[in-house]
Amino acid sequence: MTPSAPLGWYLRRLSRMGPREVGGRVGDAVRRRRWRSAPPHSPSVTGARFTAVLPPGTVDTVPAEAVKRLVAEADRLIAGHARYFGVDRDDLADPDWWYDPKTGRRAPAGYAFDVPYRSEDASGDIKQIWELSRHQYLTVLAAAYAVTGNERYAERVAEHLRSWWTANPPLRAAHWISGIELGIRLLSWVWLRRLLDGWPGAAGLFEENPVALHQIWHHQRWLAAFPSRGSSANNHVIAEAAGQLAAACAFGWFPSSERWRAGALRSLERHLRSNTFDSGLNRELATEYHGLVLELGLAALAEADTAGVPVPAPVRLVLLRMTDALAAVVDSGLRPPRQGDADDGHGLVVDGAGTDRWASLLATGDAVFGRLAWWPEVTGTDVRTPLLAALIRPGGPAAPRPASRPAHFADAGLTVLRGPDGIWCRCDGGPHGFLSIAAHAHADALSVEVRHDGVEVLADPGTYCYHGQPEWRRYFRSTLGHNTLQLDGADQSVSGGPFLWTRQARSRVLAADTSDGSVARWCAEHHGYRRTVHRRRVELTGATRELRVVDEVRGPRRAARLAFHLGPAITADLVGSRARLTWTRDGEDRSAVLDLPGRLSWRAHRGETDPPLGWYSAGFGRKEPTTTLVGTGSAGGGAQPAEFTTVLRFRG
């Protein structure tokens, strides 16, 4: 037990595990104890060669606009500048690998499994420390070398890799704690070697370098020994399998490489399937993790195809379904829902700032699987798509695909209502989250998001943070922090820690009808509040550009708060129970009227801190004040259900 979490948390966490997981974790603890005094030793390797190169001419197919963005980003990195999770860094010319620029603290040295990484006071913000050591900024530099031939990018990569390997020997300090970090780092190393292939020093940096071979072997040995298990087998285990498979294919120089490769492929197949609904949406119901898993899966597929390793058909099928599902749920600006946790995590980074992540994924899906007629048009360019497309065997699996754009994903409980002028409404009536701890879920049952021509009108506030700021973590996960109804000042689901829910609200969709071109309807309910049912109906009428939300509460009388979080571009003028909303889009003034339930007393909140209310997080580590409208009163207690009606009308 590390000093970074209290005993109560461990007991709550243990209560969410099954016997098999407990047994596996006991074995992990024994192995960690044994490795402290007797770590495994890497074998000697001679005659290693790297053959997983890009096909000739691949880099010549990268669009000029994408090259321009890439080189601009690489030049910023060469100058030592970067921004991670809202914190600007200017020390990347010679980084301190254990330093957190947000708190100014350094993670302690010593045996990796003794590092109290959950404690910001002891170790700093571990996300800040880990992010740089995913080496995805180095893949940007290596990609810049590949498209320009400028050796200063390659030389900086080599300098930083040697520095990192020296400062972070196996099993020492903060970068040997978490499997997802080792998996993503291995994937980055594979791409570094590939992108540097034309550089004269590439072989000397990797396959002819005993230090590199030692590090690569220990990363794979670690991943084989400590897989994410049971209630933790979410996106982390996908990253572990993808990194292990990539390294075992591209760096298959060790006696255990074949075994590691086979094990990683089995794990990837099993966990891609278990992490994904049949509809193609990610079971964590956290959209950014859908993107992360899809990126990791495509990168792993590229490595297997390049190495000529047969890939089980379900792997391609899941990735195809994930791609189609993404194409189905995005709004008119190609932005997907903001649902659940988001930490700006990426699987493979070879593009410069300003590249649209979601457009890039859809472009890759088009290149690999082929787009369907109902897919949205993808504009913009990226570096990653032509590189992955050159490695992945083209053509999707022989499986049926949706003939028209899906709007209701029954297994995930997600429904998208669409209207004219890019009106987009995401309704949530699905499971609370994935696995027994639902680590990346929010208490957001029956919440809605509404956008107009890509502008967030009723917004999901986001995530902001994980560790170190518990009051903010609680707020951004809370029921009050979403566009839904809170009763008795409590969340619909009960939290046991920052990545743990000990009781989860049960939701079910009662009706979803998007077939009528004039009116789209949705209705769902949840039982998160004991002895009480919250039911919500949503109707979107295209002809009048009107969205109607009706909330019903059945059960004993309770204090009620109904919240609507406005997007950061929205200005609100609240008078009584009517709010006039205004914003600007492409130089044009836009407006809407939000008529709120008169039975509640309404107040606008903005940028409050005690307690937090009225905030929006565009990305991890970043937050900004925005307006939240909260109506207070009571609900329930009568023979008939209490009913609250909200109407949002967009002006033409």
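Predicted model: local features only at pLDDT ≥ 70, side-chain atom pairs only at ≥ 80, totals over all residues.
Reader: Why is Ser 360 called buried?

Author: Good place to start! Buried means under 20% relative accessible area. Ser 360 has 3% relative accessibility, so it counts as buried. You will find Ser 360 in helix 15, which covers residues 357–369.

Reader: What makes the pair Ser 360 and Asp 382 a polar contact?

Author: The cut-off for a pair of N or O atoms is within 3.5 Å. The side chains of Ser 360 and Asp 382 make their polar contact at 2.7 Å. Leaving aside neighbours within four places in sequence, Ser 360 is in contact with Asp 382, Arg 384 and Thr 385.

Reader: What is phi in Asp 421, and what is phi in Arg 531?

Author: Asp 421 is not a glycine, yet has a positive phi of about 60°. Arg 531 is also a residue other than glycine, and its phi is positive too, near 65°.

Reader: Which peptide bond is cis, the one that joins Asp 610 and which residue?

Author: The cis peptide bond joins Asp 610 and Pro 611, with omega about 0°. Most peptide bonds are trans. Pro 611 has its place in the loop between strand 20 (608–609) and strand 21 (612–613).

Reader: Now the whole chain. How do you know that its radius of gyration agrees with a compact globule?

Author: For 652 residues, a compact globule would have a radius of gyration near 26 Å; the chain has 25 Å, so the two agree. Along its principal axes, the C-alpha trace spans about 80 × 55 × 45 Å. The chain holds 17 helices and 25 strands.

Reader: How much of the chain is buried?

Author: Buried residues make up 58% of the 652 residues. As for contacts between residues at least 6 apart in sequence, 71% join residues at least 24 apart. The accessible surface comes to about 24300 Å², with 49% belonging to carbon and sulfur atoms.

Notes. Residues numbered from 1 in each chain as written. Heavy atoms only, no water. Helix = DSSP H or I, 4+ residues; strand = E, 2+ residues; numbered from the N terminus. Buried < 20%, exposed > 50% of the residue type's maximum accessible area, 1.4 Å probe, protein only. Polar contact = N/O pair within 3.5 Å; in protein donor to acceptor, adjacent residues only side chain to side chain. Contact = heavy atoms within 4.5 Å. Rg over C-alpha atoms; globule rule 2.2 N^0.38 Å. Areas by Shrake-Rupley, 256 points an atom, 1.4 Å probe, with all protein chains shown as cover.
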